[in-house]
Amino acid sequence: MKFVAVAACPAGLMHTFMAASGLKKAAKKAGATMHVETQSASGIEDQLTAAQISEADAVVLAIDVNIEGIERFAGKPTLTIGTNDVLANAKGVIAQLTEMGAQANG
Amino acid sequence: MTPLLTPNNVQLGLTATSMAAVIDQLVRHEQTEAVSAPDEAIAAVLAREADVPTGFVQGIAIPHAKTAAVQHPAIVIGRLAQPVAWTTLDGSAVDTVIMILTPAAVADTHLKLLAMIAGQLADEAVITALKAAQTPAEIIQVLEEDE
């Protein structure tokens, strides 16, 4: 499975990066690919490419604030949650994404 | 640039008995010299807690704020004598607090450090090691260590 994600939090400091890191680690453990764009105090980093989004089986937006470019994910199976949801249970988030991706592909 | 993660910035055996008191003590810690307006900095951290609580898991909380009340970024770490109530993701009371204060404009170098610490905390093994660390030097080492 291939996933893409955007992480963003109010201060753009800790939770953004914790969520990004949590998603990457959990995806790796599950054998999935995960690209994470962070929208933080330093702006947008690791910006998702059109190809990455197009190839993704599902999208997760781990965001506590409005983000830039949400229209890029129109039509993709998208899970919108808070950064704390990732921090609390990244494994569960990946499981849910896997299910969404499987349904979309089936 | 003054290093942000040093054993001097770790306070052990804090006796505060509430979240607000912990934040107050850490902001007023003598090593937090970057803070020009402690009252404002404390208010900013508490406002962030009210907005989205920063209690994490296993008794760890990471209160933080980006505020004009500080001149330079500061990381202050506190270990409590007794856990205090805090809104955490797993319902645990908090005994280890990693507080981060940053000025309104943050340099990229500091953001990278924060991102590094954040990434470390997303690792269960790091959490376990952090809980087990007993001295300021050990605590700093755990946060700095890369996988």
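1. In chain B, helix α1 (residues 19-27) packs against helix α2 (residues 38-51) at an angle of about 140 degrees, and their axes lie 10 Å apart. Axes are lines fitted to C-alpha atoms, for helices over the stretch in contact, and angles run from 0 to 180 degrees between N-to-C directions. Helices (H or I, at least four residues) are DSSP runs, numbered from the N terminus. The pair α1(B) and α2(B) is therefore oblique; angles under 35 degrees count as roughly parallel, over 145 as roughly antiparallel, 65 to 115 as roughly perpendicular and the rest as oblique.

2. The model is predicted: local features need pLDDT of at least 70, side-chain atom pairs count only at pLDDT 80 or more, and totals for chains, interfaces and linings use all residues. Residues are numbered from 1 along each chain as its sequence is written, chains are lettered from A and ligands numbered from 1 in the order in which they are written, and side-chain values use heavy atoms, with hydrogens and water left out.

3. Contact (heavy atoms within 4.5 Å) joins B:Met19, B:Ala20, B:Ile23, B:Asp24 and B:Val27 of α1(B) to B:Pro38, B:Ala41, B:Ile42, B:Val45, B:Leu46 and B:Glu49 of α2(B). These residues comprise nine nonpolar, no polar and two charged. Ala, Val, Leu, Ile, Met, Phe, Trp, Tyr, Cys and Pro count as nonpolar, Asp, Glu, Lys and Arg as charged, and the others, Gly among them, as polar.

4. Helices α3 (residues 108-121) and α5 (residues 136-144) of chain B pack at about 95 degrees, with axes 8 Å apart. This angle makes α3(B) roughly perpendicular to α5(B). From α3(B), the contact uses B:Met116, B:Ile117, B:Gln120 and B:Leu121; from α5(B), B:Val142, B:Leu143 and B:Glu144. Five of these residues are nonpolar, one is polar and one is charged.

5. Helix α5(B) also packs with α4(B): their axes come within 9 Å and cross at roughly 175 degrees. That makes α4(B) roughly antiparallel to α5(B). B:Val126, B:Ala129, B:Leu130 and B:Ala132 of α4(B) meet B:Glu138, B:Ile139 and B:Val142 of α5(B). The contact has six nonpolar residues, no polar residue and one charged residue.

6. The lining of the largest pocket has 20 residues, with A:Lys29, A:Leu87, A:Ala90, B:Ala122 and B:Glu124 nearest the centre. On a 1 Å grid over the protein atoms alone, a pocket is an open set of points where a 1.4 Å probe fits, with protein on both sides within 12 Å along at least five of seven lines; lining residues have an atom within 4 Å of a point. Helix α3(A) gives the largest share of the lining, six residues.

Note on methods: Helices (H or I, at least four residues) and strands (E, at least two) are DSSP runs, numbered from the N terminus.
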